[in-house]
2 protein chains.
Amino acid sequence: MPRKPKRTIVSLKRAHELWQQALDGAGVGVTPPETISFAQAQGRVTAAAVRAQRSSPHYHAAAMDGVAVAAADTIGASEAGPKRLRIPDQAEYVNTGDALPDGRDAVIKTEDVARLKDEVEITAAVAPWDNTRPEGEDVVVTEVILPEGRVIRPVDVAALIAGGVTAAAVRRKPRVAVIPTGSEVVPPGTAAAPGQVVDFDSYLLAGLLEERGCEATRWDIVPDDPAALWQAIADAARQCDAVAVIAGASAGSRDYTAQALAELGEVVVHGVAIRPGKPVILGLVNSSAAVSAAKDSAAQTEDKRDACPAMKPFVGVPGYPVSAMICFEQFVEPLIARWRGLPGRVERRCRAVVSRDVPSAAGSEEFVRVRLGAVGGRLVAVPLARGAGLVTSLVRADGMVRIPALSEGLAQGEEVECTLLTPDLFSELTALITGSHDLSLDILDSLLRRMAPGMRVASTHVGSQAGLGALRDGYCHAAGTHLLDPETGEYNLAYVRRLFKPGEVSLVTVALRQQGLMVAPGNPLRLATWADLARPGLRLINRQRGAGTRVLLDHELRRAGVDSARIEGYRREVYTHLAVAAAVRSGAADVGIGIAAAAQALGLGFVPLAMERYELAVMSKSLDEEPLASLIEVLRTQDFRRALTDLGGYDVAETGAVRVA
Amino acid sequence: MPRKPKRTIVSLKRAHELWQQALDGAGVGVTPPETISFAQAQGRVTAAAVRAQRSSPHYHAAAMDGVAVAAADTIGASEAGPKRLRIPDQAEYVNTGDALPDGRDAVIKTEDVARLKDEVEITAAVAPWDNTRPEGEDVVVTEVILPEGRVIRPVDVAALIAGGVTAAAVRRKPRVAVIPTGSEVVPPGTAAAPGQVVDFDSYLLAGLLEERGCEATRWDIVPDDPAALWQAIADAARQCDAVAVIAGASAGSRDYTAQALAELGEVVVHGVAIRPGKPVILGLVNSSAAVSAAKDSAAQTEDKRDACPAMKPFVGVPGYPVSAMICFEQFVEPLIARWRGLPGRVERRCRAVVSRDVPSAAGSEEFVRVRLGAVGGRLVAVPLARGAGLVTSLVRADGMVRIPALSEGLAQGEEVECTLLTPDLFSELTALITGSHDLSLDILDSLLRRMAPGMRVASTHVGSQAGLGALRDGYCHAAGTHLLDPETGEYNLAYVRRLFKPGEVSLVTVALRQQGLMVAPGNPLRLATWADLARPGLRLINRQRGAGTRVLLDHELRRAGVDSARIEGYRREVYTHLAVAAAVRSGAADVGIGIAAAAQALGLGFVPLAMERYELAVMSKSLDEEPLASLIEVLRTQDFRRALTDLGGYDVAETGAVRVA
């Protein structure tokens, strides 16, 4: 392994200070101006005040259909005493927008004019400029139409055209090079072998940059070769306003970047005490040093250079997607604001209560992504899984909560400040569903969005029992549950009655579904019963405690007289049916307990052993309110039943039925 | 003039109902799906749930640098009792991201491993899957990555790639034809003659449509020719999902549209009781009728047709820009939401107090655009000029206030609900300046935005005296004032002391500036003194009562013994120096009173007659607070003085000086 360069982890606050100082020192400010046509102006930022080159209107215009007159000729006209004006020397018919004929300074509306032979009779006097739009009423030539530092919107383009401006000076789009690195990284669409990872970070970063008005250029993936990386950075520094290098996750990818930067410029920060996002590198790269060192390719890019600072910002972005996103938000966004001469992104905030404990090790500031939904008038933040590598947590996140470096975490029910990641969130009516996992919840989400745009399902999987607890404590609208009562063989009712008053909760049937053993395709080990799980050497993948499937398994093992301690893998727990299926499919386990649909989805063998009732527990008083009213409506559609049937292993005869617990 | 088709004006509410019914009846819903590459997906809307085609990770991966082991081999290892494992059969060095070798199910971190010759010594035991990322940890193959009806953001693109999805079904972009009409309408960049107007509406509409995810096609301008208009609509209906025809302002342009629609489809609404925006037309156009009637051009567009309703939405957009904008917001936005299967645009609202009376005729719902700024913790809405033709009012607007049809308007100080048009407004610190107009205020705005991104000046011109009143009543941060006290020859102090307690207000000098007569270039009428204004036949353009310039004029006329009633045009009032200059330049007046800079800007002759002090009156207690602190800082920069000097007629020696009144 290569020698690791020395580094000191700094706090986030210190990193921001050092970064701003470095950017100040390098003179990083607004990008140079360029002149563009009005037709390309939308979304660009004005580089100087734009002044009208023509008045609007550029002539005295009629603002009504009627006759143009000299106001002085109309004095005294009234219904009682109409006046007559000669056509055309005293009165001329005009339409809205027509130029006033010479010597005319007002328009009498059609309604107040009667046409005679060579005359008109008018029944109202007008003051000068009545019913006209005098020249310059909207814009006077030389007047400022748009100030400097303004993002040009469609109305601004209209104003430019109205003011006779066909080209305007705007800030050149900031150019950012995005360089993915790592010998293990392969492009999207590649059949990646084990140990290889597909490059999505460069698309993530480029997308974010373009969304915020930059021009991002994705470089080809640079392998773990110091010379190649050095060359890529040097080329990028010459061509762009800043360089972002995305480290692969491997040791080589991670280490060469700081080394190359140290040679080509200056490392300002290497490591920040945040989680995720710690291995970020911030610095400056000397673009002229790069030019002189790489003369061969200089000629063809000469035209792209302009009055930019010689030292250009450099960001070493961690390879894990959540880390990359946080790095972008913390260090790249302020850079974009500088280039565009605009204030930084506005953070919209809200306060919400946390639905569960989130322990956090002291020493690092932690960023926790959450889903948000209002339950009974209270905004609830449901923490998402925290792995830096979980791109799905970015997809699901509505907001972000910061845990300070000295805190040990968040406690359930604590009110926290939350930065919104989806600005339009509060238009959306979110059905928070917590509890047992079922594949139908994703279908519900899509169908709800289709039937009632603006509504959605946000589900988290904590198991049936924890779901009922969350329902009781007001952290969700519905709890997915399938808990077998061994006494009665009944599902759910007994558990609900233990936690709630009679009638307080209702149970909505999603479906009956087949539970059983998920096994390798063709069931090579010939597993057939619960008792077979005790077979020596067989490796199980289990669900977490409190999951309905776990309750079922424990019940059946007791009935079959199997000691769970004897089962290899009994303590290996995952949280969803698909995770169980994935473990079996990958060969990490020989068998798992779960629903037929998950086995079918992954092409596994399946041994059906039980039919169970999967229900949503909801507060009875909320049944007719949104979001539950629409949710239940969707549940009862043919589209939902059909989709569930297609998954396999579901009986939808009672889908949508409601019983009071 | 052509016969006007009969029409019934309906209320806005009724228009919305009829429009929704018509769209329902025509089956206007989401656009058909199309498959696109992940690289083009950003900003598009998923047309179906997107499922992972590969798990992520797609193999069991090391999540740390260290040695991969079988967890079972490590049981019992500790600092006190280290264990040794053979390389490579029991332990293999791996980097983060590497695939776990067969038979290994955990990683021991580098820190807990000491390398010996053919062995490693480990000082910690690990559980299965410790320090690993099991296959499918993030996404399991077949799992839903994105639901239907979701706008794809950069993180979603990353998730698609991670899930092995290279192409996804998204809603086809809605295609809208934008057809400008009117024989008087000419394209941008044309040297428009009097009576001609430049087409900016089609760019406004196309820009708005594209900003909201549509594909807008601008048609060439169609002259006032029924056959040409008919053909354009028929072509557009065949090629696009909807047709928007922008009426020119002239009678011909306005009338042919409804007629053509009646022939090609159905007029649903013609005229809505809103102001601005009344002449809107809503309806449906039959695209297949259009096809059969226009066979000649059908072949080349055949490929563009797909499963769309035969009756397509049609919007007749009024020609005035403010009307066009309101028509877009009210009737086109809901259509876009239908096509995209998303909820309508979220209206952000705030409450603000109105800075002045806004009378409104009962019978129509009125939309008043306002600027917004916080003064002393209270949000103030400053109503903008209301002309439907004022595109600059759209540029300046931060929000919109609706006046119900039965109301007679808004009263100063009334609290109103306001829809925000600039979502990020509250990041911006706005300096509201009201009172006398000076060209320097626009320069201040640009320089403030440059020096302090996020800050801006919003100025309205009501005259010096009204400005001081607004300052007293808390409707602005600063009042531009230049009021001569005839007793003392002093500026501003006497007026301020009449309205405020001693010390309560401070006066910040912007500049001394030259006032005088604006005349035609070369001063052909040889005007030289205030007394010359009484010359018979001379036409004046005056400023409004309460304006400092008007006070000066009245004072000087009294001194010169001139009876203002004898001056032609004395009652013709405009609100800004540039408006005065524009009137003189256009020949609408022979002379106006105003500042040298305005005369110079428009290339007029100028007769200097007085040097006056233009100051900003501010509350003394707010001097050191934002936004005034930064505003005064900008005032004191060399850039500001230089820009003012360049305008001409300013003395900047005392610029930035503060005196307590």
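How many residues of chain B are in contact with chain A, and how many residues of chain A do they meet? In this predicted model, 90 residues of chain B are in contact with 89 residues of chain A. The predictor assigns the complex an ipTM of 0.92 together with a pTM of 0.91, and chain B can be laid on chain A with an RMSD of 0.1 Å.

**Confidence**
- Chain A has an average pLDDT of 91, and 94% of its residues score at least 70.
- Over residues 292-307 of chain A, however, the pLDDT is below 50, and this stretch has 11 contacts in the model beyond near neighbours in sequence.

**Interface and symmetry**
- On the side of chain B that touches chain A, at least two residues each are supplied by several elements, among them strand S11 (144-146), helix H2 (154-162), helix H3 (201-211), helix H7 (321-340) and helix H13 (577-585) of chain B.
- Of these contributions, the largest share is that of H2(B), which provides eight residues.
- Divided by class, this side of chain B has 51 nonpolar, 23 polar and 16 charged residues.
- The superposition of chain B on chain A requires a turn of 180 degrees and a shift of 0.0 Å along the axis, which is the relation of a two-fold axis.
- The same surface serves both copies, in that 98% of the contact residues of chain B recur in chain A.

**Helix packing within each chain**
- In chain B, helix H9 (residues 440-451) packs against helix H15 (residues 628-635) at an angle of about 110 degrees, and their axes are 10 Å apart.
- Because angles of 65 to 115 degrees count as roughly perpendicular, H9(B) and H15(B) are described as roughly perpendicular to each other.
- H9(B) makes this contact through B:Leu444, B:Leu447, B:Leu448 and B:Met451, while H15(B) contributes B:Ser630, B:Leu631, B:Val634 and B:Leu635.
- The contact of H9(B) with H15(B) has seven nonpolar residues, one polar residue and no charged residues.
- In chain A, the axes of helix H9 (residues 440-451) and helix H15 (residues 628-635) come within 10 Å and cross at roughly 110 degrees, which makes H9(A) roughly perpendicular to H15(A).
- Here A:Leu444, A:Leu447, A:Leu448 and A:Met451 in H9(A) meet A:Ser630, A:Leu631, A:Val634 and A:Leu635 in H15(A), and by class these residues divide into seven nonpolar, one polar and no charged.

**A three-stranded sheet in chain A**
- An open sheet of chain A is formed by three strands in the order S6-S4-S7, with antiparallel pairing.
- Strand S6 (92-94) and strand S7 (106-109) of chain A stand at the edges, each with a single partner strand, so one side of each is left without a neighbour in the sheet.
- Neighbouring strands of this sheet are turned against each other by 40 degrees on average, direction ignored.
- Strand S4 (residues 66-69) of chain A is joined to S7(A) by four bridges, and A:Ala68 stands opposite A:Val107 in S7(A).

**Backbone details in loops of chain B**
- The peptide bond from B:Ser56 to B:Pro57 is cis, with omega near -10 degrees, and B:Pro57 lies in the loop between strand S2 (50-51) and strand S3 (61-62) of chain B.
- A cis peptide bond also leads from B:Ile87 to B:Pro88, with omega near -5 degrees, and B:Pro88 lies in the loop between strand S5 (83-86) and strand S6 (92-94) of chain B.
- Although B:Trp129 is not a glycine, its phi is positive, at about 75 degrees; B:Trp129 is found in the loop between strand S9 (119-122) and strand S10 (132-133) of chain B.

Technical notes:
Residues are numbered from 1 along each chain as its sequence is written. Chains are lettered from A and ligands numbered from 1 in the order in which they are written. This is a predicted model: local features need pLDDT of at least 70, side-chain atom pairs count only at pLDDT 80 or more; totals for chains, interfaces and linings use all residues. Axes are lines fitted to C-alpha atoms, for helices over the stretch in contact, and angles run from 0 to 180 degrees between N-to-C directions. Angles under 35 degrees count as roughly parallel, over 145 as roughly antiparallel, 65 to 115 as roughly perpendicular and the rest as oblique. Two residues are in contact if their C-beta atoms, placed from the backbone, lie within 7 Å. Ala, Val, Leu, Ile, Met, Phe, Trp, Tyr, Cys and Pro count as nonpolar, Asp, Glu, Lys and Arg as charged, and the others, Gly among them, as polar. pLDDT is the predictor's confidence in each residue, from 0 to 100. Copies are superposed by least squares on the C-alpha atoms of residues with pLDDT of at least 70 in both. Two strands pair if DSSP finds at least two bridges between them.
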